[in-house]
Amino acid sequence: MMKPFQPYLQKALKKTYVAIIVLLAAHYGYSQNMNAGFELLEKGDFKQAKVFFKDILKDYPDNKTAQLCLGRATGLSGNPDEATTIFEELLKQYPQDFEIKLNYAESLLWNKKYIAAKSYYQGLLKENDQSFPAVLGYANTLSNLKEYPQAQDFINKALVIDPGNPNALTSKKYINLGYSNELVQAQSYESATQLLKDNLEFLEYDTETLQVLANTYLIATQVDSALITYQKINKSQTDSILSLNGISLVQHLKGKEKTALQYSKKSMSILNTTTPKNIEQQTIERNIQALIWNGKYKEAEAKLSDQIEQSGPENWLLALRATLNIYKSNFKKSINDYNQILMTDSTSFDGNLGKSNAQKAMGNYKDAYTSASKTLEIYKDQKDALQFIKNLDQQFTPVATVKPSYSFDNGDNEAYNLDVNLTVPLNTKFALLGSYNYRDTFNDQLSSQATTQLFQIGAAYEFLPNIKLKGIAGINSINADNNSYEELTTDISIQIKSIKLQSIDIGFKRNVESFNTALLERQLVQSNYYINYNLSTNFNLGWFTQYFYTSQNDGNSRNLLFTSLYYNLLKKPSLKAGLNYQYITFENQVPTVYFSPSRFNAIEIFFNLNRSIDSIKKDQWYYDLSAATGYQFIEDNGRQSTYRLQASLGYKFSDRTALDIYGQQSNIASTTAAGFTFTEVGFRFKWLLSNKPLFETIRVK
């Protein structure tokens, strides 16, 4: 997630506080020798300057210049209230002194009394609208009030009065930075980047502007432009570190995790004792992140532990540890760290939105909404928080899926099929389910045909986080050449995902075998008891196992075991390869009716390349490609070569609609009930029926 921009409201002042010191000195003259004091002010050594002018005033208590400089030194050394009092006393003595008024106005800015400062500066500008300090101060005041267009007008006016003045240019830089931040929050990325490019016209290769510009490109998902911008940050060794850290992040966003780690390691290698503390922290943070992105969890954990031992459990380290635990599926530990962050900083972006992600992963959806809502209260219109809520809303929005298809095999069986599925969540725990299936199967060589229509309704209820009970039942109406009948169908299961890195489905399914007309004529009904088990690991290895026990109304029964051991080679897009094994046995062999060997074994190697619809935004393509080859062994017959191909290509037209076409072919005997080589082609259309859930969540404008 991208952290929100840091505010620039104070920086415009910090860089320009000394703007009028020389002017003041020239105006008042040096009635006493105060050159050393002026130099202290210009160097920013305000505490020593305060001591210096206090000493001057012991000998010359009425010296106006010394009193004025004491006020400035006092305010700039961290005592703005005291400074305002000094200037107020001076104004009592010299009520018409314009320079004292200027300093009093500036002290209001030090005290963050921006509304009062605005009114006071307006009065000064009525007295003298060509006063450079007054125009500059007013521009800074407007900037602090986030009135950026007006601030731009007055900073440009200041530059007309004193062209090229470095203090005015610095103020203009920070006004543009602040304004660009506001535009980014409003998602006006083009306007924001143009302002930042304007900065680079008069401050070429300014590190701070380049950093903000690169961050803006990242938020606008223009990662290539961000990369080019980070490469320009190279004035100094510190800049090189910043550049490498930024490039590492860009490589991560481009899915090049190994490259991201390489850049991070290079950045770490050039840290030294002169590196600013905040840059050193950023570099260590990026390095630990890169280790996490690459699945090097033990190394990341070791570095985190060492860092926490050195500096204590600072919030940035707790946020990293929480992220690591999310990657390792230790969601409870992650939430504990986020809670610890929020105890010390309730406004923490990482703490609030990070906690939302962990709560969502644990199935605590209401809590996730609450944490995300709090993030938006603190960071209005923050892009990542808005996207999080949008994604969560889509998870609970009514959705329909339509899938027409055509299939055929080398036994001359053909079929047209239509599947329609509907899910209507009524809250975060309960959803209504409905489905309709129409199938027309025929064999021209045998002059046979049959149609089926299956209507089902049901519900899903998540009675505990990540433990869901799902049930659907209906009537299958069959109309064959010589037989018409109806059968009850049902599918009941419990889905458990609450165990770390594991999921288990246990269920019962009753269905009619409808592969071809001959089987429909026989009214073959199957009662299936099944269990699916999936195990993931933190080292890219996975294992999926499925077992079915099927009893049929013709007195036969079947045992089916499928197991797959696979390795995740890539994350974006997902690429995995592995080994599949399948074993089937039937109690009775009726090969003239359906495929029912006493012993069937198949082993294959496979790979799968996938870019899922859930991982993309609108106006992007998604795809899935699987290929497998191996051998099958039927009874005591010799081995036979097998293959399996499956591919789909889709396009996400909007946040609510997507369409893909797909095709599959297999010569594995277990693919169909008849044991034939099988081919299917079709398309799928997914449609979110509304733009938000039916129930109240968070309404984002």
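This is a predicted model: local features need pLDDT of at least 70, side-chain atom pairs count only at pLDDT 80 or more; totals for chains, interfaces and linings use all residues.

Leaving aside residues up to four places away in sequence, Ser448 touches Thr441, Phe442, Asn443, Asp481 and Thr517. Colour by secondary structure and you'll find Ser448 in strand β4, which covers residues 448–464. Is Ser448 buried or exposed? Its relative accessible area is 16%, so Ser448 goes down as buried, the limit being under 20%.

Go back to Phe442, one of the residues Ser448 touches. Which aromatic cluster does Phe442 belong to? Show Tyr406, Phe408 and Tyr416 alongside Phe442: together these four form one aromatic cluster.

While you're looking at rings, the structure holds 23 aromatic pairs. Two of them are worth a stop.

Start with Tyr104 and Tyr120. Their ring centres sit 4.9 Å apart with the planes at 70°, so this is an edge-to-face pair. Tyr104 belongs to helix α7 (residues 98–110) and Tyr120 to helix α8 (residues 114–127), so the pair ties together parts 16 residues apart in sequence.

Next, select Tyr533 and Trp543. Here the ring centres are 5.8 Å apart and the planes are at 80°, so this pair is edge-to-face too. This time you're on strands: Tyr533 lies in β8 (residues 525–536) and Trp543 in β9 (residues 541–552), so the pair ties together parts that are 10 residues apart in sequence. Trp543 is partly exposed, with a relative accessible area of 36%.

Last stop: show helix α13 (residues 207–219) and helix α14 (residues 223–231) as cartoons. Their axes come within 7 Å and cross at roughly 165°. Angles over 145 degrees count as roughly antiparallel, so that is the label for α13 relative to α14. The crossing of α13 past α14 is left-handed.

On α13, pick Leu210, Leu213, Ala214, Asn215, Tyr217 and Leu218; on α14, pick Val223, Ser225, Ala226, Thr229 and Tyr230. How many of the contact residues of α13 with α14 are nonpolar, polar or charged? Colour by residue type and you get 8 nonpolar, 3 polar and no charged.

Key. Residues are numbered from 1 along each chain as its sequence is written. Side-chain values use heavy atoms; hydrogens and water are left out. Axes are lines fitted to C-alpha atoms, for helices over the stretch in contact, and angles run from 0 to 180 degrees between N-to-C directions. Helices (H or I, at least four residues) and strands (E, at least two) are DSSP runs, numbered from the N terminus. Angles under 35 degrees count as roughly parallel, over 145 as roughly antiparallel, 65 to 115 as roughly perpendicular and the rest as oblique. A crossing is left-handed if the near helix is turned anticlockwise from the far one by less than a right angle, and right-handed if clockwise. Contact means heavy atoms within 4.5 Å. Ala, Val, Leu, Ile, Met, Phe, Trp, Tyr, Cys and Pro count as nonpolar, Asp, Glu, Lys and Arg as charged, and the others, Gly among them, as polar. Rings of Phe, Tyr and Trp (its six-membered ring) pair if their centres lie within 6.5 Å; planes under 30 degrees apart count as stacked, over 60 as edge-to-face and the rest as tilted. Buried means under 20% relative accessible area, exposed over 50%, partly exposed in between (1.4 Å probe, protein chains only).
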